[in-house]
Structure formats: C-alpha cells, structure tokens
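The following briefing is arranged by topic for a reader who has the sequence and the coordinates at hand. Please consult the display below alongside the text.

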Amino acid sequence: MSETGTEDENLRSSIGHHSTYIWETKLVLEEYSKVESYEELKRRVVEDNILNKGSEEYRRRMLTEISMRCDLNKEEYEETALVSVMNSDLPDSLKDWILYYQYSKDSTVRLLTQEFLYPKHKQGAISVSKKEVLEFLKSIEDEYPEISEWTENTKDGVAKHYLSALKNFGILEGRQKKE
C-alpha cells in the first residue's frame, strides 16, 4: 500500500472540472440551504440558470459533479458541515481553502499532491510543468494499472486540470509554467 493509503481506491481521470467550480460550488451550497430541497435546487440551476451557464446539459452536469463532490442529499435536505461553512460568516479565503480540502479528497488529486507535488516542493523545486506530471503518471502505471487504460488525451487532461485547479485554488501561480 502506498503511503497515501490509496491502494484500495482506483485513481479516476475525472478531476477535470473540479477546478473551475469554486464560486459555483459556493452558490450551489448557499442555494441548497435556502430552498432546502435538491429538486428545487436542480430546477433553479438547470431551468432558472442561477449559475449563468450556457446549455441545460452543461448546467445539469455541473450540478451533478458539485452534488457528488459535496455529498448533497438528493432525498431530503441535510445541512452538512460543508453547507454550514459556506453559509457562515467565514472569510471567502477560508471557504476556498475548505473547498480545496474537499477537492483534495479525490484519490487522484491526493496521490498527485502527496507523491508528486509535495516531494518536488520539499526538494526545493519552485516550478512544475504538465510534462513533469505526465512523466510521474507514467512512472506509477505499474502500481496503478488504471492509468495505463487512460488515453494520452485523458492523461494530458488530468495533468492540465490538476495544475489548473492548483492555480485556481491559489496553490500555484502562472499561466504556462506553474510556480
């Protein structure tokens, strides 16, 4: 078992949109607590377009991903700790860190952070590239065979979205070269 404890968890390539849903997640959780119903929340997001997003299908997928990541109860309203925090008077910067924590619970994100990014930081590296993330993914394919099942485009997307998420959460800076 790896030191991250992810042996029993398969890595998933679906970390893609997590990084772009910071303010949307806050709004969805606030709205969920106002309407106290998942069905009403769904109507507000999909039909009323409270997130101001293009297509109904995109809004539906976004809500599904946020709901899954935040463990929203679809049967009955439940004020989870995350919902309470988003409705609290905490500064937005702290709410963002809590959302980052929620994001980093994903097995792929946790592995990349603990076994790739943190060791690089500890060694004194001040930047990280998509190429380095891809090389790391290739180096662990024997330990995580699901990675070898991903297409090159999927691996590229995982690396790109991981670095973008870290930038969006304020962990890294930079457009091309992340520092």
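Asp71 sits in the loop between α3 and α4, and its phi is positive, at about 55 degrees, although the residue is not a glycine. The model is a predicted one. Its protein chain comprises nine helices and zero strands, and of its 179 residues, 42% count as buried.

**Backbone and surface charge**

- Most residues other than glycine have a negative phi.
- Glu36 also has a positive phi, of about 50 degrees, without being a glycine.
- The position of Glu36 is in the loop between α1 (22-35) and α2 (38-47), and its relative accessible area of 49% makes it partly exposed.
- Asp71 belongs to a surface patch of negative charge, together with Glu39, Glu75, Glu76 and Glu78.
- Glu78, another member of that patch, is placed in the loop between α3 (56-69) and α4 (81-86).
- With a relative accessibility of 39%, Glu78 counts as partly exposed.

**Aromatic pairs**

- Six aromatic pairs are present in the structure.
- One of them joins Trp97 and Tyr100 edge-to-face, with 6.0 Å between centres and 90 degrees between the planes.
- Both residues of this pair, Trp97 and Tyr100, belong to helix α5 (residues 92-104), where they are three residues apart, about one turn of the helix.
- Trp97 is partly exposed at 46% relative accessibility, whereas Tyr100 is buried at 13%.
- Tyr100 also pairs edge-to-face with Phe169, at 5.3 Å centre to centre and with 65 degrees between the planes.
- Because Tyr100 lies in helix α5 and Phe169 in the segment after α9 (152-168), this pair ties together parts that are 69 residues apart in sequence.
- Tyr100 and Phe169 are both buried.
- A single aromatic cluster is formed by Trp97, Tyr100, Tyr103 and Phe169.

**Salt bridges**

- Side chains of opposite charge can pair when their charged atoms come close.
- In the whole structure, 15 salt bridges are found.
- Since Lys120 is in helix α6 (residues 107-122) and Glu132 in helix α7 (residues 130-139), the bridge ties together parts that are twelve residues apart in sequence.
- Lys120 is buried, at 17% relative accessible area, while Glu132 is partly exposed, at 26%.
- Another salt bridge links Arg60 to Glu57, with an N to O distance of 3.9 Å.
- Arg60 and Glu57 are about one helical turn apart, because three residues separate their positions in helix α3.
- Arg60 has a relative accessible area of 32% and is partly exposed; Glu57, at 43% relative accessibility, is likewise partly exposed.
- Arg43 and Asp48 are also bridged, with their closest N and O atoms 3.0 Å apart.
- Asp48 is partly exposed at 38% relative accessibility, and Arg43 is partly exposed at 30%.
- Arg43 and Asp48 take part in a network of salt bridges that also includes Glu31, Glu40 and Arg44.

- Thr64 is located in helix α3 and, at 41% relative accessibility, counts as partly exposed.
- Between Thr64 and Lys42, the C-alpha to C-alpha separation is 9.2 Å in space, against 22 residues in sequence.

Methods
Residues numbered from 1 in each chain as written. Predicted model: local features only at pLDDT ≥ 70, side-chain atom pairs only at ≥ 80, totals over all residues. Heavy atoms only, no water. Phe/Tyr/Trp six-rings, centres within 6.5 Å; stacked < 30°, edge-to-face > 60°. Helix = DSSP H or I, 4+ residues; strand = E, 2+ residues; numbered from the N terminus. Buried < 20%, exposed > 50% of the residue type's maximum accessible area, 1.4 Å probe, protein only. Patch = residues over 30% accessible without salt bridge, like charges linked within 9 Å, V, L, I, M, F, W, Y side chains within 5 Å. Areas by Shrake-Rupley, 256 points an atom, 1.4 Å probe, with all protein chains shown as cover. Salt bridge = Lys/Arg side-chain N within 4 Å of Asp/Glu carboxyl O. Lys, Arg positive; Asp, Glu negative; His and termini not counted. Charge placed at Lys NZ, Arg CZ, Asp CG, Glu CD.
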